[in-house]
Amino acid sequence: MPSAIEWTDETWNPVTGCTRVSPGCDNCYMYALYPRLHAMGVPGYGPSPASVTPLPERLQVPFRWKKPRRIFVNSMSDLFHPDVPFEYILDVFLVMKAAASEHGHIFQVLTKRPGRAVAWWNTHNSLFPEGWPPNVWIGTSVENQKYAPRLTVLERLPAKTRFVSAEPLLERLDLTPWLERGVLQWVIVGGESGHGARPMDIEWAVHLKNQCDNLNVKFFLKQLGGVRKKRGGDAATIDGKTWVGIPDWE
């Protein structure tokens, strides 16, 4: 479905449900949206948001989109959650590879579990003789310095485009070691929004932007966050300008 997430065009959820794994998950929007979707009887949304459910009936959805677009995979889950079988992850990857070949889509996979992504790839890479599908971008979330080592794990994946989502950004981050090694081609930054949102200091975003500028890495300021609204779009500015860098794609 069309997405309100600024850095993508569509969301595709062949899996629903997730469990919290680190402080960035505390106010996860999935947990807020899930009960309403369940009450509406939307297929795939059972009684508990912590119930991880593969939905094979959704696998063919990307083939319906004829125009090339960026597709965020599992905005309501994590493809590499331990409860998603490796065989099903393979099914998702084969769809992404085929849909890119047929329609030119880009798939943006974001996980808080890069270690399981590495384990999956090490098990199944022989099925991809041409290597990691170039249309599949792989990223991980880093909300504070403690979880920056997720990027060291992400580095083990031979994707053409790797990215980090520093959202919700909870403290000042130094990503220089990974940027210098070429681990990342894209940095997304955002504050937390909604009830109980933890504040983001704009200086933290400026600090990350400067790191990206120094090493010619694309920088995307998604939102500034806030309790009443997320302050995205034209309201997300540094020095009066919006910063919406995205890696090149065909």
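Residues are numbered from 1 along each chain as its sequence is written, and side-chain values use heavy atoms, without hydrogens and water. Because the model is predicted, local features need pLDDT of at least 70 and side-chain atom pairs count only at pLDDT 80 or more, while totals for chains, interfaces and linings use all residues.

An open sheet is formed by 7 strands in the order β1-β4-β5-β6-β7-β8-β9, with parallel pairing. Strands (E, at least two residues) and helices (H or I, at least four) are DSSP runs numbered from the N terminus, and two strands pair if DSSP finds at least two bridges between them. The edge strands, each pairing on one side only, are β1 (10-12) and β9 (218-223). On average, neighbouring strands of this sheet are turned by 25 degrees against each other, direction ignored. Within the sheet, β7 (residues 162-166) and β8 (residues 186-190) pair in the parallel sense over 4 bridges. V187 in β8 is the bridge partner of V164.

Helix α6 (residues 202-214) lies across β7, β8 and β9 and runs at about 160 degrees to β9. Axes are lines fitted to C-alpha atoms, for helices over the stretch in contact, and angles run from 0 to 180 degrees between N-to-C directions. Contact means heavy atoms within 4.5 Å.

Two packed helices are described by the angle between their axes and the distance between the axes. Helices α2 and α3 (residues 114-124) pack at an angle of about 80 degrees, and their axes are 11 Å apart. This makes α2 roughly perpendicular to α3; angles of 65 to 115 degrees count as roughly perpendicular, under 35 as roughly parallel, over 145 as roughly antiparallel and the rest as oblique. On the α2 side the contact is made by F86, I89, L90 and F93, and on the α3 side by R116, A119, W120, T123 and H124. By class, this contact has 6 nonpolar, 2 polar and 1 charged residues. Ala, Val, Leu, Ile, Met, Phe, Trp, Tyr, Cys and Pro count as nonpolar, Asp, Glu, Lys and Arg as charged, and the others, Gly among them, as polar.

The largest pocket has a volume of about 1,400 Å³. A pocket is an open set of points on a 1 Å grid over the protein atoms alone, where a 1.4 Å probe fits, with protein on both sides within 12 Å along at least five of seven lines; lining residues have an atom within 4 Å of a point. Grid points are joined across faces, edges and corners, and a volume is the space filled by probe spheres set on the points. Of the 50 lining residues, I5, Y29, M30, S75 and M76 are the closest to the centre of the largest pocket. Helix α1 gives the most to this lining, with 7 residues. The lining has 23 nonpolar, 17 polar and 10 charged residues.

The peptide bond from E167 to P168 is cis, with omega near -5 degrees, and P168 lies in the loop between β7 and α5 (176-180). N74, not a glycine, has a positive phi of about 65 degrees.
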